[in-house]
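Hi everyone, thanks for having me. Today I'd like to walk you through the inside of a protein model, and then look at some of its aromatic rings.

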Amino acid sequence: MLLKYLKWKKSFVPNGFISPSDVPNEIAHNKMFLQGVDKLGRPIAVVFGGRHMQNKLGGFDEFKRSVVLALDNFFSRTSPGRGKFVVIGDLQGFDYANSDDRAYIGALSILQDCYPERLGKLIVVHVPYLFWTMWKIVYPFIDNNTKKKITFVENKRLTTTLLQDIDESQLPEIYGGKCHYSYSRSLSK
C-alpha cells in the first residue's frame, strides 16, 4: 500500500506538493475552508457542495489536484498521532449544476486509495432532495469503512447534532456555533 501511494504521489505531485497557484479555478469558488477542531482534536474542513461547478477551465485534473491540496492542508493541521480530520459537507444551494459524479467519485478514489483511513467523520448538512439521485450513483464506490463515517443531518437537528462532536467555540457561526467563519482559513492561504 505504501509503495503504491509513493508511486502515485511521485507521478501526480512531482514537486512534492501542490501550490494554490496550481488550482486557481478551483480556489476561485471558495468552496472549502478549514475551521477549528472537533472534540477529539481533529481539524474540521467545511466544504460547500453548492459551490462546486464542473471546472471547464482547469478540467478534471485541476479538480483532482485541488483535492490533494485540500487533503495535504488538512493533514498538516493534525497533531502528532492524530492523522484524521472531520468534514462538514454543506449542500445548501446544491442543484443540477453541482451534480458532478465524476468529480465526486474521483475525490473519493483519491481519499480512499491514496489517503486511506484519514477521514474521521463526514457530516452532511442541508441535503436537498436532488442530491439523493446522485448519492445512489456514488454510494457503490464508497468502501464500507468510509460509509460508516458518513452522517446525514436533518436541518431541524443541525446545531444539536454538530455540537455532539464539535465544541460551540469551534463550530462556525453559520451552524449555530461561536467561531467566526473566515475565508482567511481557505485553501488559498
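Let's begin with the largest nonpolar core, which has 25 residues; V68, L71, F74, F85, I110 and Y115 are the ones that touch the most other members. Please keep in mind that this is a predicted model. Where does the core come from? At least two residues each are supplied by β1 (32–37), α3 (59–76), β3 (85–90) and α4 (101–114). The largest share, 8 residues, belongs to α3.

Now find V68. Leaving aside residues up to four places away in sequence, V68 touches W8, K9, F12, V13, I18, I110 and Y115. There is also a second, separate core of 14 residues, and F48, V86, I123 and L171 are among them.

On to the rings. How many aromatic pairs does a search of the whole structure find? The search finds 9. Take F33 and F48: their ring centres are 5.8 Å apart and their planes are at 25 degrees, so this pair counts as stacked. F33 sits in strand β1 and F48 in strand β2 (residues 43–48), so the pair ties together parts 15 residues apart in sequence. Both F33 and F48 are buried.

Compare W135 and F152, an edge-to-face pair with 5.1 Å centre to centre and 80 degrees between the planes. W135 is in helix α5 (residues 131–138) and F152 in strand β5 (residues 150–152), so this pair links parts 17 residues apart in sequence. W135 and F152 also belong to one aromatic cluster with F94, F131, W132 and Y139.

Last stop, back at F48: the charged end of R51 sits over the ring of F48, 4.1 Å from its centre.

Key:
Residues numbered from 1 in each chain as written. Predicted model: local features only at pLDDT ≥ 70, side-chain atom pairs only at ≥ 80, totals over all residues. Heavy atoms only, no water. Core = buried A, V, L, I, M, F, W, Y, C linked by side-chain atoms within 4.5 Å. Buried < 20%, exposed > 50% of the residue type's maximum accessible area, 1.4 Å probe, protein only. Helix = DSSP H or I, 4+ residues; strand = E, 2+ residues; numbered from the N terminus. Contact = heavy atoms within 4.5 Å. Phe/Tyr/Trp six-rings, centres within 6.5 Å; stacked < 30°, edge-to-face > 60°. Lys NZ or Arg CZ within 6 Å of the ring centre and 35° of its normal.
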